[in-house]
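Good morning. I will take a few minutes for one structure, so please have the sequence and the 3D view open.

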Amino acid sequence: MAPSATVLSPARGFRAELLRRGGGDAARCFQCATCSSVCDLTTSESAFPRRQMLWAQWGLADRLAGDPSIWLCHQCNDCTARCPRDASPGDAMQVIRALVIEHLGAPGFVARLVGRARTTWPVLLGAPIVFWALYIGLVSGFAVPRTPLVYADLVPVWMIYSVFLPAGAFTLLAAFVGARRTWRAWGEASPRSGGLLAGLAGIVADVLVHRRFQRCEAARPRKNGHLLLLWGFLGALLTTTLLGIQMDVFGLKTPLPQGHYIKLIGNASAVLLVVGLALLVANRTRGQGAGRTRAFDAFFLTLVAMVVLSGVGAELGRLFLPPAAALALYVVHLGTVLSLFLTFPFSKFAHALYRTLAMAHERLASERRPS
Amino acid sequence: MDRVGVFLCTGCDIGSSLDAAKLEGLARSGGAVHVESSPCLCAPDGVASIRKAVDAQTVDGVVVAACSQRHKIEEFRLDPTVAQVERVALREQAVWSHPPKHEDTQALAEDLLRMGVVRAKKMIPAKRCAETLEQTVLVVGGGLAGLQAAQAAADMGNPVVLVESSPALGGWLAGVRELVPSVPPYDRLQPSPLPDLVRSVGADPRVRVLVQSRVSRVSGQPGKFAVEVTGPQGKTEEFAAGAIVQATGARPYDASKLAHLGHGASPDVVTSADLDAMLARGALARPSDGKRPGRIVFVQCAGSRDAGHLPYCSSECCGTSLRQVMAVSKAWPDVECAVLYRDLRAPGHGEHFYRAVQEKSTVMLARGTVEGVTASGGRLSVRMKDSLLGERVEIEADLVVLAVGMVPNSADGEAIRQLRDARKRIEKNESETQRKAAEEVAAALAHHDGTAILNLTYRQGPDLPVLQHGFPDSHFICFPYETRRTGIYTAGALRAPMDPAQAAEDGWGAAMKAVQVISSLERGEAVHPRSGDFACADFFLNRCTQCKRCTEECPFGTIDEDEKGTPFYNPNRCRRCAICMGACPERIISYADYSVDAVASMIKEIEVPDETEEKPRILALLCENDAYPALDDAAMKRATWNPWVRVVPVRCLGSVNVVWVAESLSRGIDGVILIGCKRGDDYQCHFVKGSELAHKRLENIQETLTRLSLEAERVRVLELARNELDRIPVLFDEFAEKLEELGANPLKGF
């Protein structure tokens, strides 16, 4: 009797999808492992991206979905720069991540909707904006805003909560489902030495200074933009949290005076976001080791840009623009933030979740391994 | 030659290293009628002095005591029907490789000069036998290589007869519409040149096409082959041909021997040739149910590179599979193709095509070793181990294509001859044991019965001798298309496994050789590797004992024999290697400029000092094709070697008559070293068998030496490649050390 063997179905499904999404270069890979050799992030225990290239060729979607290594890749593109066959392993890994995010996302139809952002982007961006325009219009009776413009008059806090609390809950639930699925699968494949919190504690410093990203060569210019964006997002998160506490618990009223400490944190975050964003966009347009820009990247970057620019625009517009124009910017801001929330578990944004988990997993798993 | 003149060059350090006056005196006392020195013999003045002496009929034998025979060839070339030239390589053998003004160097030079003078004396004027010969080229086989050969020969102005056994021209590629690309950008299929070629050759008035025909007899020799062809209904016709191109191609390996790969278990396991036939019909359908397969799995190296089947790589099956994958994906873009290979070989520009195939979304090229193919319920399953995934995998398939290798359509002429001989012995039934032995041989060779293709009337068998794996190949770099039958050249997959582009090129190459051999023979000259040599072998048949060694051992089947076994020499088949001369125990075979006597006389001229002088002597017989040029190059690089060595270049190690070895040792020479080309399957011997024969003959002589209470180690036979010049001094030194160990030759002074 022949030993048991893995039954393979080459080419169908996954591979066709890989090709459609722009990862078709992977077919050129002939497994020389130059990519793994030049990668500064790969680990000796599970070297990537050579193995992932092979799995992608064979269309082994389940193996890729259950592989934490794909998240440890920061798409430095050192591999792509040195690949002798122009198989673009960096790009392939990105497309693989996009497909895995879609694969893990629940509910599936939302995942597919976001996954096909190349065609669905007008809906993904437009629908939340239209929703907010209609919602605010209906509540305020389509009144023309007066000067001085006070956003809280037109959009009271309850309206914000009425939308973002359910949206946040949906996002958290969807992210939780995906995260739990992968965390469990990874744990079964390679046992960990401790729990999630221990793992996160072990990597938080790495993440906050982008110690891994620093090791990239081809994509080192991208690291600064990415780091600023991360700090900007964390600052925005802090701003929102502080504001919520101050308003709900201590009855703070908006607009805040320009010298208020929350205002200062918010503005500082905005500056980080704008500069980070500018660096990343410049990086991509100059093609400095960012890899090819697919819909997966373009949609997320556009969304972030719209959130940041409309936010800054609404803040400044309140002071310097006609009220109607400022309000329009505010509506765009609210809409894109809603889109950012809702698409988080299904868009490129999800890498924040999965990469963090994968780094934590790797830390815990490597502690378990006999050295 | 009666009137030997010695022309001594004192340039290139010769004059400053040697005592030229002494050499001149030596030449005179050696019997030279004319002795002359020149500071630069190859300069116009020097050359003119030689020509002047020849023109004035002062001399008819010229000893050029200067540089090696491999240099200044044009300057020192004379018409050998008027005067023969002997080159004495003082520069390479003495001056550049030994210390100047040294008594041992001088003694070496003196030996060389005496040897040259005596050899010149022993030469006779050569006779040129030019004649008008048949220009027709016979091409056997109407596949791509044969068609191309026919067209090429016709384009060069030779009439052609093309014989094809099947009813139509085209061969295996007849139904294949598109081939692997041979022009940039090498990434798409290109139309096969075959249909145009079939049309143009068929319509060419210079080419007579005989289909459904076979060659039933070829007798004679190049330039005047008498060919008999048997056509449909047994009708025979005869015509003359000057040269023959055999392009009988190859056939796919018998897939019925590949049961482990599912052949026979399911009709849906087919060969590449079966798939080509399917594609030619434009119908991609499973033989079992006529449905279009969803996934085709190609199994590469099916029965190839496998000791139990074909041990070699056919080099074109990968290209064929890639071509078929491309054709399938072009016509049926939804059909998946997986190619499972051990090593995918896409030489040359094939790499571009391989990459183009690889980028198809429905194509998977995967490495691994296919262990087996099983069929159950209409589905096929291909099991593969050693995949890059690091595990055993199984791939389901609707159609499995076995990419089988190529088996040459050759006939083993020597085996057929042995079979016929054995049957004759059985018939004769001279003794019980002899009959039994013959019966065993006949049984072992029975499968060669009826395989003859050319039906040569040669003594050595009716077809070309084969080399490895049944291919009548030749050394693939140095002498492509050559076979061991002069005037008969092989082209295409018969010669070696190859792809269509190579086969077409082969047709051209073999046709050029065929045209060349006819024109060379018309001038009375030999072909490769002694191109231009027109001195034929001379047989002094009065003393022949009909031992048949010459007829047996000639690598080229030059010599037939009559009823009694007397050799019949066919000069146009001869390559002038003198292997017959080395074989002949009666020493009755000689050439105008090369004979047993001439070399033996040279050996006699080597001065053997007394044992007390402690100056041993070593005779080195070096093959002119590789070892001697390597020695020249070593000297050119100023390598130094043992001063006791006396080098005599020989045409081929196979031309060495054992008498020379015996003569040397009986004269007190301490040892004889023979250096020839590499032998065996990957031989580099320019006469194919010479080096091998020399080894065999000298093994025999070593037994004789032992009987004479001489150490067998005094004779050493070695192989050397052309580029191993650094090894030569080492080989000489090692041999000298061994001889020192053995002590002086006890026959010294007798």
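Predicted model: local features only at pLDDT ≥ 70, side-chain atom pairs only at ≥ 80, totals over all residues.

Let us start with the overall form of chain A. It has 17 helices and one strand. Along the principal axes, the C-alpha atoms of chain A fill a box of roughly 80 × 40 × 40 Å. What radius of gyration does chain A have, and what would a compact globule have? For 371 residues, a compact globule would come out near 21 Å, and chain A has 22 Å, so the two agree.

Now two helices inside chain A. Helix 11 of chain A covers residues 157-189 and helix 16 of chain A covers residues 323-343; their axes come within 8 Å and cross at roughly 25 degrees. An angle under 35 degrees counts as roughly parallel, and therefore helix 11 of chain A is roughly parallel to helix 16 of chain A. On helix 11 of chain A, the residues making this contact include A:Val163, A:Phe164 and A:Ala167. Helix 16 of chain A brings A:Leu338, A:Phe341 and A:Leu342. Sorted by class, this contact of helix 11 with helix 16 of chain A has seven nonpolar residues, two polar ones and no charged ones.

Next, the place where the chains touch. The contact takes 18 residues from chain A and 17 residues from chain B. Which element of chain B gives the most to the side that touches chain A? That is strand 21 of chain B, with four residues. By class, this side of chain B has six nonpolar, three polar and eight charged residues.

Strand 21 of chain B also pairs with strand 1 of chain A, residues 6-8, in the parallel sense over three bridges. Within that pairing, A:Leu8 stands opposite B:Ile395.

Last, the helix pair in chain B. The axes of helix 5 (residues 103-122) and helix 16 (residues 596-604) of chain B come within 8 Å and cross at roughly 155 degrees. Are these two helices roughly parallel or roughly antiparallel? Angles over 145 degrees count as roughly antiparallel, so helix 5 of chain B and helix 16 of chain B are roughly antiparallel to each other. Their crossing is right-handed. Among the residues in contact are B:Met115 and B:Arg119 of helix 5 of chain B, and B:Asp597 and B:Ala598 of helix 16 of chain B. This contact has four nonpolar, one polar and three charged residues.

That is the end of my part.

Key: Residues numbered from 1 in each chain as written. Chains lettered and ligands numbered in written order. Axes fitted to C-alpha atoms, helices over the stretch in contact; angles between N-to-C directions. Parallel < 35°, antiparallel > 145°, perpendicular 65-115°, else oblique. Left-handed = near helix turned anticlockwise from the far one by under 90°. Contact = placed C-beta atoms within 7 Å. Nonpolar A, V, L, I, M, F, W, Y, C, P; charged D, E, K, R; others polar. Pairing = 2+ DSSP bridges. Rg over C-alpha atoms; globule rule 2.2 N^0.38 Å.
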